[in-house]
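Have the model open as you read.

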Amino acid sequence: MRSLDPGFHRFNYFLRRGLGRLTAILAAAWLISPVCYAKGTDGGTNASSDAVSAPTDPVLNLLLEKGVITEEEAAKTQAQADALRTNMAAQYAQENSKWKIGKDIKDLELFGDLRLRYEDREESDPTQGVPPDAKKKKPGIPAGKIDLYRFRYALRFGMRGDLFDDFYFGFRLETSSNPRSTFVTMGTDSPDPYGKSALGIDVGQLYIGWDPASWFDFTVGRMPNPLFTSTMVWSPSINPEGLAEHLKASVGNLDVYANLAQFLYQDENPIYASPNLGVNNNLLQSADNIFQVAWQAGFNYRITTNISAKVAATLYQYYGLKRSSTQNGGEAPYFGDSYIGEGAYTGPGSANTINGYSGFGTSWTIPGFQSSGYPNNQVGLDHLMVLEVPFEFNVRVHGLNFKAFGDFAYNLDGRARAEEAATGYAQYLKNQPVPSTIKAFKAQVNDVKAYQFGLAVGNKDSLGLVYGTTSKKNAWEIRAYWQHIEQYSLDPNLLDLDYNAGAENLQGFFTAFAYGFSDNTIGTVRFGEAERINNKLGTGGTGTDIPDINPIKSFELIQADLTFKF
């Protein structure tokens, strides 16, 4: 029997409305409670937020159908429940995670790649050989060469992240201790097959940075190369150690920047050691740590939305170099002594009759021209002050990206470097135990420059695929360039080991094609060939793949890579 009392109806209306809101709140609270969350996530490894929120909709729908709550109240309750559930899920994951991350870390990124490679590498020496004699039925003698067929692999794995208070950090582990290559050759372990002696893990990068303002950035440690440069001057595998500062400013479409670097090139400690203390063959040692300093300024100009140009000028200088002497024997590998760059050849009928034999494994002890591992110095930095001008011009049109790029370098102290090399080689020939039968060359004072010109073409956002700096399914890139490096132009210890064998006085053409099989998998094919520029000179440098030939008459390289990025 319905009551006719209007007060009762008003009370009943407010009771129903209040109870409805209370019921909705209690239902939402149950659905986002830790008990409900735990039940929703303990069921399996594939639990998702949908599993947690599934009971919510029927409850709210039932209350809505019964008229207990309005649509607006249902939507509001659902939004509040979702927000609370999301926060609780994050808190639950953090509290129950086996990974504990410091509170000062804002974000972390794991990065790296795994690369498999087949390589065919060949170097030939200047020996002409003997052609076959058909009449006398004598086979010919081929020119001297060394050919490598190798299966190789490389792993790079690292972590980088941002910290609070504008700091950042990074480190990377990688195979091979060679600073100019992370690749290891399969099957080279000894004495047993399938051994692990050739495989090691080394620290490739380890740095901390600070960027307190948009115009300034500072990095210290073993870092990715902070300079705008090219593979002509720097091997892309080198991560220099020291300090680097980056400054930039923008005016309209023009970005101007400066990169300053102070790299610790070689630790020469002990800086001082008295004689007869077991240091430096019991000779006096007086040395300085060697620093490479780089001063770079440049700009990036966005001509239009799809066209841009980037240019820089860099000056490299070396500090702390000291020549060896009779009193101070110097310290191997003798960066402070004169670079010579020649092989071991001393002429027909002499001690070294093969024109092309580098003399690898021997050393030389004439003060001022000392060398370790070669009879003539291949690493010296004396009279090396290089001006480098890298550049690139980028165009995007009809879904394609084009990059015209290049680099030019000139040794401002190259004349003195060439004269020292000629003097050092003359001393080498003069001091042979069996008299040399060839004469020293005249100083080649004009061989002091290097240059590179090339073109890269790819589909949208694919440039860099050849070097593995980007990765995208169905992306492709074709890259080709011509390179010319004269004997006294560049630092021989930084040269790329692949495209010019780590040697100077070579020029050649190189090309590569890369294709993205997936967002993480890249296939790359490379081909290169080079020849000696000046036949009067050797091909200086310490290429570790085939260190036995100097001068190199010709060089060929074929590589096929499969890369997986993560």
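This is a predicted model: local features need pLDDT of at least 70, side-chain atom pairs count only at pLDDT 80 or more; totals for chains, interfaces and linings use all residues.

Residues are numbered from 1 along each chain as its sequence is written, and side-chain values use heavy atoms, leaving out hydrogens and water.

The structure has four cavities of 30 Å³ or more. A cavity here is a set of points, on a 1 Å grid over the protein atoms alone, where a 1.4 Å probe fits but cannot get out; lining residues have an atom within 4 Å of a point. Points are joined across faces, edges and corners, and a volume is the space filled by probe spheres set on them. In the table, Ala, Val, Leu, Ile, Met, Phe, Trp, Tyr, Cys and Pro are nonpolar, Asp, Glu, Lys and Arg charged, and the others, Gly among them, polar.

| Cavity | Volume | Lining residues |
|---|---|---|
| Largest cavity | about 140 Å³ | five nonpolar, seven polar, five charged |
| Second largest cavity | about 90 Å³ | seven nonpolar, seven polar, one charged |

Nearest the centre of the largest cavity are Glu-268, Ala-287, Lys-322, Gly-330 and Glu-331. For the second largest cavity, those nearest the centre are Gly-541, Gly-543, Ile-546, Pro-547 and Ile-549.

Now for Asn-459. Beyond its neighbours within four places in sequence, Asn-459 is in contact (heavy atoms within 4.5 Å) with residues including Gly-399, Leu-400 and Trp-476.

Definitions and conventions. On a 1 Å grid over the protein atoms alone, a cavity is a set of points where a 1.4 Å probe fits but cannot get out, and a pocket is an open set with protein on both sides within 12 Å along at least five of seven lines; lining residues have an atom within 4 Å of a point.
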